Amino acid sequence: MKIKIIYAALAAALFTFGTPLAAQEDAVAESSAALPFTAIQRDPVSAAMGGTLLGSAASGAASAWSSFSNPAALPYSQERFSVGLAYQLWQPSSSNNLCLGAGVNIKDKFGVSAGLALGLNPGIAYVDDSGNVGKTFKPTDLQANIGFSYRFVSFLSLGVNARYAMSELSPEYRLSALLFDASLMASLGDFQLMAGVSNLGTRASYGKSSGLSVSYPVPSSLDLALSWSRVFGGDHKLALAADGRWYFSGFGIAASAGASYCWRDMLSFRAGYHYGARMDADYASLGAGVKFYGVALDFTILLAGSSNPVANTIAVGASYSF
């Protein structure tokens, strides 16, 4: 007997930061954002600065996460190689995310980056055609990236990411899409400016073999970002970053702002705020980090009201760079 997923399971792939949206198998839901995990900030440093796109680059943190956000930043990195591992307890007691990223700066001219993220979501029951409840299935999210960047003049670079994203809703149903980022970044003294687009590409669909023709837009956006950083007295570094995202398909506008203070390139404290779009959530963020001989440990917590789906979300990360 053919097993079919219940509507609750379909909705699991059409939420953003824990907010379910209605799904219909026989219609294209233009008001729903599929594969929303592709818009999550994976870098715990930038996440602590409100999720800013230039937070990590401005603060001088590890460049391992550029394939998840801003690919053009890598040629400006002070590091030749960086690798990072992060764990996110997203939507506490709900989704667990494991993330791995790496970046290589080649002679301050070229950058190559890669990333992999795995999301484990809470179990959802499904039923057969007779209405009998079957085994509980735990939906899984997968994201794999590769990025390239080129610094074609001393103050300007171009970067692109390619991304495959998939959400497995049941053994029979998978939503997937092939997506791309592109960004142009300028470094002018203490200032950095970035303009780009994120998550352009195919619509999320189940594939021809599923028998479902429905497809959904992904959270693609136009991005603008600005940051400033300076070292004072040789021991103190202050970084400020802000950005805005205009989501296509009528999903609204989001904005982030954050600050970072670092002492002797060893001890860091960070804070920020994120204003969510219609498909997003508002929250404040706090974080701290310690770095020694190229090894960095970072911690982030998102702060919001108890009814907010991202309240008390935490992220921890470890990275090594040289």
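In which strand is the place of Ser268? In this predicted model, Ser268 belongs to strand S16, which covers residues 267-275. With a relative accessible area of 8%, Ser268 is buried, because buried means under 20%.

Neighbours within four places in sequence aside, Ser268 has contacts with Tyr261 and Cys262, and also with Gly287, Ala288 and Gly289.

## Nonpolar cores

The largest nonpolar core is made of 21 residues. Within this core, Leu35, Leu175 and Tyr206 have the most contacts. Strand S9 (residues 174-188) supplies the largest share of the core, three residues.

A second core is separate and has eight residues, among them Leu53, Leu54, Ala73 and Ala225.

## Aromatic pairs

There are nine aromatic pairs. One of them joins Tyr173 and Tyr206 in an edge-to-face arrangement, with 6.1 Å centre to centre and 85° between the planes. Tyr173 is in the loop between strand S8 (156-168) and S9, while Tyr206 is in the loop between strand S11 (204-205) and strand S12 (215-216), so their pairing ties together parts 33 residues apart in sequence. Tyr173 and Tyr206 are both buried.

Trp228 and Phe232 form a tilted pair, because their planes stand at 50°; the ring centres are 6.5 Å apart. Trp228 is buried at a relative accessible area of 17%, whereas Phe232, at 37%, is partly exposed. Ring pairs also link Phe81, Tyr320 and Phe322 into a cluster.

Terms used: Residues numbered from 1 in each chain as written. Predicted model: local features only at pLDDT ≥ 70, side-chain atom pairs only at ≥ 80, totals over all residues. Heavy atoms only, no water. Helix = DSSP H or I, 4+ residues; strand = E, 2+ residues; numbered from the N terminus. Buried < 20%, exposed > 50% of the residue type's maximum accessible area, 1.4 Å probe, protein only. Contact = heavy atoms within 4.5 Å. Core = buried A, V, L, I, M, F, W, Y, C linked by side-chain atoms within 4.5 Å. Phe/Tyr/Trp six-rings, centres within 6.5 Å; stacked < 30°, edge-to-face > 60°.
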